[in-house]
Amino acid sequence: MKLIFEKSQKGRTGILPGESDIKESFELDSSLMRSEPLDLCELSELDVVRHFTNLSKKNFGVDDNFYSLGSCTMKYNPKVTELIASCGGFANIHPLMPQLRGGGILTQGALGVLYEMDLMLREIAGMDAFTLQPLAGAHGELTGMMIMAAYHKKQGNHKTHVLVPDSAHGTNPASAAIAGYDVKVVPGNEDGVMDLDAFREMVNEETAGVMLTCPNTLGIFNPHIKEICDIIHSVDGLAYYDGANLNAITGRARPGDFGFDIVHFNLHKTFATPHGGGGPGSGPVGVVEKLTKFLPISVVVKRNDGTYAVEYDREDSIGYIAPFYGNFGIILRAYVYILMLGAKGLRRVSENAVVNANYIKSRLEEYYDFPYKGLCKHECVLSASRQAKNGVHAIDIAKALIDRGFHPPTIYFPTTVPEAMMIEPTETESKETIDAFIDAMIDIAKQAETNPESFKAMPKTTPVSRLDETKAAKVLDLACTGCE
Amino acid sequence: MVPQGLYYTDQHEWIKIEDGVGTVGITDHAQQQLGEVTFVELPENGPVDANAELAVLESSKAASDVYAPMAGEVIEVNEALESQPELVNQQCYTDGWICKIKLSDPDAVSNLMDAAAYEAFITNE
């Protein structure tokens with residue numbers, strides 16, 4: 001299908017502008033003029049509607065069918081949150097308003113959302129204060145690591161490195177490195193979690209902290225979590241909780257109770273806000289009491305008279321990390337989601353997410369290798385190495401799933417599992433849908449034995465079949481110069 | 001088939017030693033696991049310790065470190081990989097070599113596996 005710019009016809013327009021009512025002609029100073037005309041596409045409204053409707057038909061999302069990438073990409077977004085977020089009082093408000101004289105009183109509703117969201121996240125995390133500013137999960141990590149660095153500086157600690165397990169998300173070591181720390185990788189053990197003895201040996205006076213995702217990317221909860229936090233605290237290090245997998249424990253366990261000092265949550269994962277094509281995400285960061293003074297500005301406070309205000313005067317703050325108040329529209333959707341579900345609802349979310357993942361694991365165990373035995377949390381990781389012996393790799397199974405109407409799961413991650421397929425069903429899927437997915441996976445496993453050659457032509461049902469997986473990485477064309 | 005005459009690490013690098021200079025690359029097993037290599041971050045000339053990070057291979061699946069099988073000084077890198085990273089996949093034991101190291105202790109090769117030992121290693125892995 002053609003790009004919208006390729007459909008452009010000079011002079012075509014979607015509206016009839018009225019006569020200009022400015023009678024006098026005047027010339028703009030040439031320094032204010034563009035040197036060349038703006039390259040906009042010229043189309044009728046119907047051209048535009050058809051273009052995007054047809055594009056959307058080629059897309060596959062959670063609104064189409066089962067989407068086994070799970071919260072790792074995005075959960076189902078309840079439509080009511082969209083409805084609330086589109087209300088004019090929220091959608092049309094200008095972010096400068098609270099800072100203008102007399103503007104605060106006109107934005108009490110929005111400031112109240114931010115204030116109460118902070119309180120609710122504290123309760124869910126077991127933390128003493130939150131900043132809602134970070135604009136994504138990795139931004140939250142960086143904010144957290146900057147807070148960690150600010151704490152050690154204030155304490156006069158000489159800290160040089162941060163420990164991360166080998167199963168960590170790639171953003172963890174990146175965030176620690178940008179905050180100025182060396183990164184040391186702690187190996188995992190045969191149970192799939194960070195090895196406690198290796199960790200104990202690597203911790204010394206120069207250890208700034210540890211970054212952990214729990215449950216980790218294999219969907220396994222580290223049983224030594226309390227001990228890990230105690231060990232890191234013994235050298236005045238800090239424990240950082242990466243909330244990427246919070247969906248597994250929401251309402252049932254709190255990182256603050258494990259002993260963590262800093263956490264970040266991904267609102268776009270756990271609290272079901274939309275995010276695609278790189279944003280907008282939201283990665284609020286919570287901290288324990290001794291770290292609250294380092295939180296970024298601004299901070300929404302409640303005055304004695306019950307009104308809300310934005311505060312900037314924080315001496316030890318790490319400063320500005322984002323414009324205004326974070327991705328307000330996203331925070332608002334998550335706020336609605338939490339209020340709609342309540343404490344009981346959130347507990348059922350994590351319960352169903354975990355039950356669904358274990359159901360998939362137990363039904364597929366006969367057909368695929370699962371490198372780690374026992375119960376998992378909200379996601380399960382299988383290895384297609386049995387099928388790979390017949391020449392059918394994880395990527396071939398992914399393509400086969402597409403032809404059966406399902407979005408493939410994450411593949412080749414975590415890298416510690418060969419031929420990895422990481423399946424996260426989330427809580428929203430019915431048993432019928434999950435069974436249909438499992439039946440497709442079983443059917444694929446059988447086909448991998450009887451007819452491995454057939455996979456090479458898959459997918460057959462998509463507008464294009466096998467894409468060149470590496471061309472975009474090798475031949476960068478960000479300006480679309482080859483699109484003539 | 002694992003070629004004879006080379007030495008292998010448990011991180012799936014190979015080294016071929018001629019006149020005290022070791023040519024380093026990754027094994028066929030390693031390139032299969034990586035998938036198509038899209039970018040090679042080559043080392044700079046200079047000293048390197050055994051098991052130190054030498055290069056980074058980016059593929060469609062992951063970015064992976066390549067470690068120095070033996071200590072010495074990097075004296076030459078395979079610049080062809082800058083424009084043709086796929087050589088690491090296509091000819092991993094020949095044109096896909098990564099760099100040459102002037103070895104500080106050629107006898108340290110005794111710490112590495114020969115072809116038969118490496119073949120057994122990947123079969124059991």
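View 1. Leu218(A) is buried, because 25 other C-beta atoms lie within 10 Å, where a residue counts as buried if 20 or more other C-beta atoms lie within 10 Å of its own, as exposed if 12 or fewer do, and as partly exposed in between, with C-beta atoms placed from the backbone. Leu218(A) is found in the loop between strand 4 (207-213) and helix 8 (225-233) of chain A; helices (H or I, at least four residues) and strands (E, at least two) are DSSP runs, numbered from the N terminus. Leaving aside residues up to four places away in sequence, Leu218(A) touches Ser167(A), Gly192(A), Tyr372(A), Val381(A) and Pro414(A), a contact being two residues whose C-beta atoms, placed from the backbone, lie within 7 Å. Leu218(A) and Thr416(A) are 198 residues apart in sequence, yet their C-alpha atoms are 9.4 Å apart in space. This is a predicted model, in which local features need pLDDT of at least 70 and side-chain atom pairs count only at pLDDT 80 or more, whereas totals for chains, interfaces and linings use all residues. Residues are numbered from 1 along each chain as its sequence is written, and chains are lettered from A and ligands numbered from 1 in the order in which they are written.

**View 2. Parallel pairing around strand 2 of chain A.** Strand 2 (residues 161-165) of chain A runs parallel to strand 3 (residues 182-186) of chain A and is joined to it by five bridges, two strands being taken to pair if DSSP finds at least two bridges between them. Within this pair, His161(A) stands opposite Asp182(A), and Val162(A) has Val183(A) as its bridge partner. From strand 2 of chain A the chain crosses through helix 6 (residues 171-178) of chain A to strand 3 of chain A, in a β-α-β crossover that is right-handed, a term used if, with the strands pointing away from the viewer, the path from the first strand over the helix to the second runs clockwise. Strand 2 of chain A is also joined by three bridges to strand 4 of chain A, again in parallel, with Val210(A) as the bridge partner of Leu163(A). Four of the five residues of strand 2 of chain A are buried, so that the strand is mostly covered.

**View 3. The hairpin of strands 8 and 9 of chain A.** Strand 8 (residues 299-302) of chain A and strand 9 (residues 308-311) of chain A run antiparallel and are joined by four bridges, with Lys302(A) standing opposite Tyr308(A). Five residues lie between the two strands of this hairpin, and Gly306(A) takes a positive phi near 90 degrees there.

**View 4. The two domains of chain A.** The domain assignment of chain A gives domain 1 (85-339) and domain 2 (352-462), with bounds that come from an automatic or database domain assignment. The centres of domain 1 and domain 2 of chain A, taken over C-alpha atoms, are separated by 32 Å. Across the boundary, 14 residues of domain 1 of chain A are in contact with twelve residues of domain 2 of chain A.

**View 5. The open sheet of chain B.** Six strands of chain B form an open sheet in the order 1-2-3-9-8-5, with antiparallel pairing. Strand 1 (7-8) and strand 5 (46-48) of chain B stand at the edges, each with a single partner strand, so one side of each is left without a neighbour in the sheet. Strand 3 (residues 21-26) of chain B is joined by four bridges to strand 9 (residues 99-103) of chain B, the two running antiparallel, and in this pair Gly22(B) stands opposite Ile101(B).

View 6. The secondary structure of chain B comes to four helices and nine strands. Of the 125 residues of chain B, 38% count as buried, and the C-alpha atoms of the chain fill a box of roughly 35 × 35 × 20 Å along the principal axes. Seven residues of chain B are in contact with seven residues of chain A.
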